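Here is a quick tour for anyone meeting this structure for the first time. Have a look at it below, and then we'll walk through it piece by piece.

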Amino acid sequence: MPAAARSSCSSCASSARSHSATPRPGLSNAELARGAFVTRQATNGVLRGLEERGLVTRPGTAPHGRALPAELTADGRELLRSASAAVRAVERRMLEPLGSTGQHRLRQDLAACTAALGERRPEGP
(Lines give C-alpha, C1' and ligand atoms only; values in the text may rest on other atoms or scores of the structure.)
Protein backbone atom coordinates (compact mmCIF):
# COMPACT_ATOMS: atom_id res chain seq x y z
CA MET A 1 0.00 0.00 0.00
CA PRO A 2 1.44 3.39 -0.91
CA ALA A 3 2.59 5.64 1.92
CA ALA A 4 -0.12 8.22 1.14
CA ALA A 5 -2.88 5.77 1.95
CA ARG A 6 -1.00 4.21 4.89
CA SER A 7 -0.34 7.54 6.57
CA SER A 8 -3.99 8.59 6.58
CA CYS A 9 -5.44 5.57 8.32
CA SER A 10 -3.94 2.89 10.52
CA SER A 11 -5.20 -0.03 8.44
CA CYS A 12 -7.38 -1.04 5.52
CA ALA A 13 -9.77 -2.63 8.00
CA SER A 14 -10.32 0.55 9.99
CA SER A 15 -10.64 2.51 6.77
CA ALA A 16 -13.32 0.12 5.57
CA ARG A 17 -15.18 0.36 8.87
CA SER A 18 -14.94 4.14 8.87
CA HIS A 19 -16.13 4.30 5.30
CA SER A 20 -19.02 1.93 6.07
CA ALA A 21 -20.10 4.11 8.99
CA THR A 22 -20.15 7.33 6.98
CA PRO A 23 -23.05 6.99 4.55
CA ARG A 24 -25.36 5.60 7.22
CA PRO A 25 -24.38 6.75 10.70
CA GLY A 26 -25.60 4.58 13.52
CA LEU A 27 -24.80 1.18 12.01
CA SER A 28 -24.28 -1.60 14.51
CA ASN A 29 -21.09 -3.63 14.87
CA ALA A 30 -22.73 -6.56 13.05
CA GLU A 31 -23.91 -4.34 10.17
CA LEU A 32 -20.44 -2.86 9.77
CA ALA A 33 -18.91 -6.35 9.82
CA ARG A 34 -21.25 -7.58 7.07
CA GLY A 35 -20.40 -4.53 4.95
CA ALA A 36 -16.67 -5.21 5.24
CA PHE A 37 -16.87 -9.04 4.94
CA VAL A 38 -15.28 -9.63 8.35
CA THR A 39 -16.41 -11.04 11.70
CA ARG A 40 -18.23 -9.02 14.36
CA GLN A 41 -15.29 -9.69 16.67
CA ALA A 42 -12.82 -8.13 14.23
CA THR A 43 -15.05 -5.12 13.76
CA ASN A 44 -15.51 -4.71 17.50
CA GLY A 45 -11.74 -4.54 18.03
CA VAL A 46 -11.34 -1.97 15.28
CA LEU A 47 -14.25 0.11 16.61
CA ARG A 48 -12.73 0.11 20.09
CA GLY A 49 -9.45 1.37 18.66
CA LEU A 50 -11.21 4.07 16.63
CA GLU A 51 -13.18 5.04 19.73
CA GLU A 52 -10.00 5.32 21.83
CA ARG A 53 -8.53 7.60 19.14
CA GLY A 54 -11.63 9.82 19.26
CA LEU A 55 -12.65 8.95 15.68
CA VAL A 56 -15.88 7.06 16.46
CA THR A 57 -18.51 7.34 19.18
CA ARG A 58 -20.85 4.65 20.49
CA PRO A 59 -23.35 4.97 23.33
CA GLY A 60 -22.53 3.37 26.67
CA THR A 61 -25.75 1.36 26.54
CA ALA A 62 -27.75 0.06 23.61
CA PRO A 63 -30.78 2.20 22.70
CA HIS A 64 -32.62 -1.06 21.93
CA GLY A 65 -31.48 -4.67 21.86
CA ARG A 66 -27.73 -5.18 22.23
CA ALA A 67 -26.47 -3.16 19.26
CA LEU A 68 -24.28 -0.12 19.98
CA PRO A 69 -24.61 2.13 16.91
CA ALA A 70 -21.34 3.73 15.77
CA GLU A 71 -20.93 7.23 14.37
CA LEU A 72 -17.86 9.07 13.13
CA THR A 73 -16.78 12.11 15.09
CA ALA A 74 -15.69 15.34 13.36
CA ASP A 75 -12.08 14.11 13.60
CA GLY A 76 -13.14 10.75 12.16
CA ARG A 77 -14.91 12.41 9.23
CA GLU A 78 -11.84 14.57 8.52
CA LEU A 79 -9.51 11.56 8.61
CA LEU A 80 -11.88 9.66 6.33
CA ARG A 81 -11.91 12.56 3.82
CA SER A 82 -8.11 12.59 3.81
CA ALA A 83 -7.82 8.80 3.51
CA SER A 84 -10.46 8.70 0.77
CA ALA A 85 -8.58 11.29 -1.29
CA ALA A 86 -5.36 9.25 -0.96
CA VAL A 87 -7.16 6.04 -1.94
CA ARG A 88 -8.77 7.71 -4.98
CA ALA A 89 -5.33 8.87 -6.14
CA VAL A 90 -3.97 5.32 -5.80
CA GLU A 91 -6.99 3.93 -7.67
CA ARG A 92 -6.47 6.38 -10.56
CA ARG A 93 -2.79 5.42 -10.77
CA MET A 94 -3.58 1.72 -10.63
CA LEU A 95 -6.39 1.83 -13.23
CA GLU A 96 -4.79 4.21 -15.73
CA PRO A 97 -2.83 1.52 -17.62
CA LEU A 98 -6.03 -0.49 -18.23
CA GLY A 99 -7.70 2.14 -20.41
CA SER A 100 -11.46 2.61 -20.45
CA THR A 101 -12.25 -0.83 -21.92
CA GLY A 102 -10.08 -2.63 -19.37
CA GLN A 103 -11.52 -0.58 -16.52
CA HIS A 104 -15.06 -1.40 -17.65
CA ARG A 105 -14.23 -5.12 -17.80
CA LEU A 106 -12.59 -5.00 -14.36
CA ARG A 107 -15.67 -3.34 -12.85
CA GLN A 108 -17.90 -6.03 -14.40
CA ASP A 109 -15.66 -8.80 -13.09
CA LEU A 110 -15.53 -7.29 -9.59
CA ALA A 111 -19.32 -6.85 -9.57
CA ALA A 112 -19.68 -10.54 -10.49
CA CYS A 113 -17.30 -11.50 -7.66
CA THR A 114 -19.26 -9.35 -5.19
CA ALA A 115 -22.54 -10.88 -6.32
CA ALA A 116 -21.09 -14.37 -5.89
CA LEU A 117 -20.11 -13.57 -2.31
CA GLY A 118 -23.68 -12.52 -1.58
CA GLU A 119 -25.12 -15.83 -2.83
CA ARG A 120 -25.82 -18.59 -0.34
CA ARG A 121 -23.98 -21.71 -1.45
CA PRO A 122 -23.39 -25.01 0.31
CA GLU A 123 -19.99 -25.28 1.95
CA GLY A 124 -17.56 -27.73 0.44
CA PRO A 125 -14.92 -28.25 -2.23
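## Starting at a charged side chain

Let's begin with Arg105, which counts as exposed at 51% relative accessibility. (Exposed means over 50% relative accessible area, buried means under 20%, and partly exposed is in between, using a 1.4 Å probe and protein chains only.) Its partner is Asp109: the two side chains meet in a salt bridge, 3.1 Å from N to O. A salt bridge here is a side-chain nitrogen of Lys or Arg within 4 Å of a carboxyl oxygen of Asp or Glu. Asp109 is partly exposed, with a relative accessible area of 33%. Both residues sit in helix α6, four residues apart, or about one turn of the helix.

## What kind of model this is

Keep in mind that this is a predicted model, where local features need pLDDT of at least 70 and side-chain atom pairs count only at pLDDT 80 or more, while totals for chains, interfaces and linings use all residues. Numbering runs from 1 along each chain as its sequence is written, and side-chain values use heavy atoms, with hydrogens and water left out.

How confident is the predictor? Its score is pLDDT, the confidence in each residue from 0 to 100. The chain's mean is 79, and 75% of its residues reach 70 or more. Over residues 5-10 the pLDDT stays under 50, and the model has 11 contacts beyond four places in sequence for them. Contact means heavy atoms within 4.5 Å.

## The overall layout

The chain has six helices and two strands, and along the sequence they follow the pattern α-α-α-α-β-β-α-α. Helices (H or I, at least four residues) and strands (E, at least two) are DSSP runs, numbered from the N terminus.

Of the contacts with a separation of 6 or more, 41% are accounted for by residues 24 or more positions apart. Buried residues make up 26% of the 125 residues.

## Inside and outside

Which residues make up the largest nonpolar core? There are 10 of them: Leu27, Leu32, Val46, Leu47, Leu50, Leu55, Val56, Ala70, Leu72 and Leu80. Helix α4 (residues 40-52) gives this core its largest share, three residues. Such a core is a set of buried Ala, Val, Leu, Ile, Met, Phe, Trp, Tyr and Cys residues joined through side-chain atoms within 4.5 Å.

The structure holds three salt bridges. Side chains of opposite charge can pair when their charged atoms come close. Arg58 forms one with Glu51, the closest N and O atoms being 3.3 Å apart. Arg58 counts as buried at 15% relative accessibility, whereas Glu51 counts as partly exposed at 30%.

Arg81 and Glu78 meet in another salt bridge, 3.0 Å from N to O. Because they are three residues apart in helix α5, about one helical turn separates them. Glu78 is partly exposed, with a relative accessible area of 45%.

Notes:
pLDDT = per-residue confidence, 0-100.
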